[in-house]
Amino acid sequence: MASEQQSEKLYGGRFVGSIDPILEKLNSSIQVDQRLSEVDIRGSIAYAKALEKAGILTKTELEKIISGLEKVPNQLTIKSRAGHKEVLLITNQTFFLLLLQISEEVSKGTLIITKTDEDIHTAVERRLKELIGDVAGKLHTGRSRNDQVVTDLRLLMKSSITTLNSNLQQLIRTLVERASTEIEVILPGYTHLQRAQPIRWSHLLLSHAVALTRDSERLSEVKKRINVLPLGSGALAGNPLGLDRELLRKELDFSSISINSIDAVSDRDFVLEFLSTASLIMIHLSRLAEDLIIYSTKEFGFITLSDAFCTGSSLMPQKKNPDSLELIRSKTGRVIGRMTGMFVILKALPSAYNKDLQEDKEAVIDVIDTLSAVLQLTTGVISTLQIHKEQMERSLSPEMLATDLANHLVRKGMPFRQAHMVVGKAVHLAETKGVALNQLSPEDLKSISPALGSDISQVFNQQTSVEQYTSPGGTAKSAVTHQIEQIKELLKRQKE
C-alpha cells in the first residue's frame with residue numbers, strides 16, 4: 001500500500017515506501033492552489049495544441065476534438081464513485097477532450113480532490129487518467145511543474161489585476177464624484193493633527209484620489225511584467241521537443257516569451273512587484289480610513305458613517321464603531337506582512353526552481369482577496385457617508401488665518417520672516433489674553449507692530465482665505481475644479 005501511495009505521485013518511480021506524513025502535509029499546496037484550477041486547465045489545453053504541432057499528437061485527432069467540443073458534456077458518462085469508468089473516444093487526442101470535461105467540473109465545483117493530490121497539477125492529471133487511462137501521461141511530455149505553476153500564477157494574476165484595477169478606479173471615481181458635489185464645503189486642514197489652514201473638503205478627498213491614481217498606474221506597470229510566457233521552459237533547461245512557444249504565447253494571450261529558461265522558472269520579481277504595489281495601495285487606503293475614523297468621532301463630528309459599515313458593542317448600547325475603517329487599517333498590516341515574507345523567502349535562493357517558491361501562491365492569492373474586499377468596502381464607505389457642513393464650518397477658527405495675516409503684511413512690503421515673527425507675537429498675545437486672534441484690540445495690535453492696522457479685519461474670512469490659493473494644486477474652487485478634470489483625464493487614459 002505504501003509503495004502504491006508513492007507511485008501515485010508525479011515523481012513516484014524514484015521512491016519506495018510512503019512519504020513522511022508531516023512532510024506530506026507541508027508539501028501539499030492543494031488547499032491554496034485550487035484557485036489555479038481554471039488557469040491550469042487553460043494552460044494544459046494550450047500545451048496540448050503545442051504537442052500536436054510538435055508531432056506528439058496528430059493534427060487530425062486534434063481537429064476532431066475541436067469540432068466535437070460542444071457535444072462533449074452530453075457524450076461522457078463517468079462512474080468513478082462506483083469504481084468503474086465508461087470513457088468514449090479512447091485515443092491519443094482524448095486527453096484534450098477530457099480536459100474540457102474537467103474544466104466543466106471545476107466551474108461547477110464538482111472536481112473531487114483526493115488525499116494524494118498534493119497540488120492542482122496532480123489533481124488535474126489524476127482526474128484525466130481516471131477518464132482516459134495512461135494516455136493522459138502524454139500531456140506532461142516536456143513540461144515540468146516548474147514552468148507550469150509559474151504560468152498558472154501569471155495567468156491568474158493578469159486577470160486578477162484587471163479586476164483589482166477596475167475596483168480601484170471605481171473608488172477613485174467615487175471620491176471624484178463627492179468632490180464635485182461637495183466642492184463648496186470648507187473645513188479645517190490639519191498638519192501634525194493640529195489645526196493648520198482652512199481647505200475645501202473636496203481638496204482633501206482629491207488628495208486621496210490622486211494617490212490612488214498612482215497606484216492604478218503601478219498596477220498597470222506590474223501587469224506588463226507579469227505578461228511574459230514561461231511555459232516551455234521545462235524544469236530549467238528548456239524544451240527538447242521543438243515546441244512552438246509562439247503558439248503557446250498566442251493561445252494564452254501573453255505579450256512576450258521569457259528569454260532564459262532558468263530565469264523563467266525561478267523569477268518571482270513580478271510577485272514582489274505586485275505585493276509591493278498592493279502594500280502601497282493598502283497604505284493609502286489606511287491613511288484615508290484614519291482620516292475618516294478621526295472625523296467620525298464625537299470630538300470632531302465632521303462625518304457620520306452609514307450603519308451598514310459600522311458595528312456596535314456587546315456591552316455598551318450607545319456605541320457605533322467604525323469597524324469597516326479599522327479593518328482596512330489592520331488588513332494593511334496583513335498585506336505588508338505578505339510582501340515582507342516573500343522578500344525574505346527570495347533573498348538567498350540559489351538559481352532555478354526551489355520548493356521555497358511554493359509560498360508565493362498563498363501570499364498572492366491572500367493579497368488579491370484582501371485587496372479586492374478592501375477596495376470595494378472603501379468605495380461603499382465613501383459613497384454612503386454623510387458630511388456635517390455646519391460642524392466643519394464651526395470648527396474653523398481665526399487662528400487658522402494667521403498665515404493669511406502674515407501674507408497680508410508681506411503684501412504691504414514686510415519681509416516674510418519679519419511678518420511671521422509679528423503674527424506669532426499676536427497669536428501669543430491672544431492666547432495669553434484668552435481671546436481669538438481677530439479680537440485683539442487696536443492698541444494690542446499697535447503694541448506689536450504699527451503695520452497691524454484696522455485693515456487686517458479683511459483677512460479674517462475663511463471663504464476669502466481658500467479662494468486665494470488659485471495656483472495649480474491649491475484649494476481655491478478653480479484649482480480644485482481643475483484637479484477634478486485632471487483626475488478624470490488620468491482615468492480616461494488609464495482605461496484606454
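Leaving aside its neighbours within four places in sequence, which residues is serine 258 in contact with? They are Val228, Leu229, Pro230, Ser233, Arg245 and Ala264, where contact means heavy atoms within 4.5 Å.

A quick word on the model: it is predicted, so local features need pLDDT of at least 70 and side-chain atom pairs count only at pLDDT 80 or more, while totals for chains, interfaces and linings use all residues. Residues are numbered from 1 along each chain as its sequence is written, and side-chain values use heavy atoms, leaving out hydrogens and water.

Back to serine 258. You'll find serine 258 in the loop between β4 (256–257) and α12 (261–266); helices (H or I, at least four residues) and strands (E, at least two) are DSSP runs, numbered from the N terminus. Serine 258 has 12% relative accessibility, so it counts as buried (under 20% relative accessible area, with a 1.4 Å probe and protein chains only).

Now for helix α9 (residues 145–181) and its partners. Two packed helices are described by the angle between their axes and the distance between the axes. Axes here are lines fitted to C-alpha atoms, for helices over the stretch in contact, and angles run from 0 to 180 degrees between N-to-C directions.

| Partner of α9 | Angle | Axis distance |
|---|---|---|
| α15 (residues 359–384) | roughly 15° | within 9 Å |
| α21 (residues 477–495) | about 160° | 10 Å |

That makes α9 roughly parallel to α15 (angles under 35 degrees), and roughly antiparallel to α21 (over 145 degrees). On the α21 side, the contact includes Gln169 and Ile172 of α9 and Ile484 and Ile487 of α21.

Note on methods
Buried < 20%, exposed > 50% of the residue type's maximum accessible area, 1.4 Å probe, protein only. Parallel < 35°, antiparallel > 145°, perpendicular 65-115°, else oblique.
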